[in-house]
Amino acid sequence: EDSPTIKVCVRVRPFIKEEVEGQRSGGECKLCVEMPTETSVRMWNPEEIEEDMRGFEFDRCYWSHSSDNPLYATQETLQKELGETMLEHAMNGFNNCIFAYGQTGSGKSYSVLGGKGEERGLLPRVVEGLFDHFEKLPEGATYKTLVAFMEIYNEQIRDLLAPATDSENKKLEVKQHPVLGTIVPGLTEAAVASCEEVLNLVDYGTQMRHVSATAMNATSSRSHCIFTFKTSLTEPDQPSKVSQTHLVDLAGSERAGRTKATGDRLKEGAAINQSLSTLARVISELAKSSKTKKKPNPPFRESKLTYILKESLCGNSKTVMMAAISPNFLDFDETLSTLKFAQSVKQVQTKAVQNAVNMS
Ligand code: ADP
Ligand code: MG
């Protein structure tokens with residue numbers, strides 16, 4: 001339980017309608033991954049004559065491809081294993097971070113936000129769990145929750161909870177605070193009292209995200225989305241517990257950090273996703289120093305995303321990476337590069353300590 005590493009999970013989605021109907025490949029869609037156990041994933045290229053199996057081990061592999069498999073994992077499975085753990089950490093004064101990584105269409109948003117009813121993802125379930133917990137607190141306990149929701153597009157931070165008229169002009173920056181760590185001054189932090197209130201804010205922010213993407217003629221797959229909640233909890237005769245939890249839906253990883261991309265393609269990828277390529281460099285730097293026991297010097301400040309997630313990646317946080325992958329052989333190269341990246345994240349060692357500072 002007190003594992004000093006970033007927990008790395010993989011999840012494979014079902015074939016989606018377009019794939020089943022053959023609109024993508026012009027033919028039958030072929031499966032190229034399997035999960036023989038809850039901690040291993042194997043993939044092969046069905047187009048190769050000698051199908052070369054590639055195997056990877058992770059902390060947890062979620063098979064969400066087909067429900068006939070006894071290892072089938074639903075949204076509820078993720079909540080039970082990841083969501084509830086995050087909540088427990090938060091209530092005990094530890095910071096949390098979960099980030100979903102993977103190519104566009106691999107299931108990142110499905111895991112983090114999800115759909116309606118049983119399809120709702122980690123975010124709504126964790127928030128529900130949070131308020132359930134609060135309701136059951138003993139007499140005399142007090143608590144407070146603040147939420148923030150932001151987007152990073154082209155190295156610009158956008159406050160998704162700001163009134164629509166404000167957000168265009170407001171330039172937000174990441175700053176280092178001597179006590180609070182990394183902060184984004186001016187970012188809306190809404191005090192919330194119920195799950196419903198939070199979900200309304202998330203809906204509002206999600207709408208804002210679509211509006212801005214359309215205005216910039218971009219797609220939201222190119223932006224990173226960070227939802228944060230801070231809690232402070234005081235129970236009678238106990239020290240106060242404060243914590244911060246980030247749920248991050250990263251931009252599509254396609255093209256970022258790919259070795260095959262050259263020239264203009266590489267430049268475009270880097271410009272669009274400086275944050276994602278910096279994340280890769282930060283991780284590899286941290287992994288290197290974990291091995292050699294040298295003091296790491298990762299380039300956190302070179303991108304907004306890594307600066308904001310600094311403490312989650314190297315310090316005071318229990319962090320989970322969710323690598324989302326496609327089951328489709330057409331995505332073989334992207335899936336392989338996602339799994340390789342996930343493998344490198346597994347090398348990183350961190351150590352979370354309980355928060356001592358009070359939330360102001
Ligand atoms: P991303 O955010 O990585 O671009 P999405 O989360 O939007 O990808 O998923 C792509 C499509 O696959 C969506 O239609 C989504 O509903 C579907 N999908 C992804 N994961 C699952 C899953 N575990 N079960 C059912 N449908 C899924
Ligand atoms: Mg998405």
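Start by selecting Glu 155, which sits in the loop between β7 (142-153) and β8 (156-159); strands here are DSSP E runs of at least two residues, helices H or I runs of at least four, both numbered from the N terminus. This is a predicted model, where local features need pLDDT of at least 70 and side-chain atom pairs count only at pLDDT 80 or more, while totals for chains, interfaces and linings use all residues. Residues are numbered from 1 along each chain as its sequence is written, and chains are lettered from A and ligands numbered from 1 in the order in which they are written.

Check the backbone of Glu 155: its phi is near 65°, positive in a residue that isn't glycine. Most residues other than glycine have a negative phi. Glu 155 is partly exposed because 15 other C-beta atoms lie within 10 Å (20 or more would be buried, 12 or fewer exposed, in between partly exposed, with C-beta atoms placed from the backbone).

Next, jump to Asp 237, in the loop between β12 (224-234) and β13 (241-249). Asp 237 also has a positive phi, about 60°. Buried or exposed, this Asp 237? Exposed: Asp 237 has 5 other C-beta atoms within 10 Å.

Now select ligand 1 and the 14 residues around it (C-beta, placed from the backbone, within 6 Å). Those that come nearest are Arg 13, Gly 107, Lys 108, Ser 109 and Tyr 110. Helix α3 (residues 108-112) gives the most to this shell, with three residues.

Last stop: Val 10. Leaving out residues up to four places away in sequence, Val 10 touches partners including Val 41, Phe 58 and Leu 339 (contact is C-beta atoms, placed from the backbone, within 7 Å).

Definitions and conventions: Contact = placed C-beta atoms within 7 Å.
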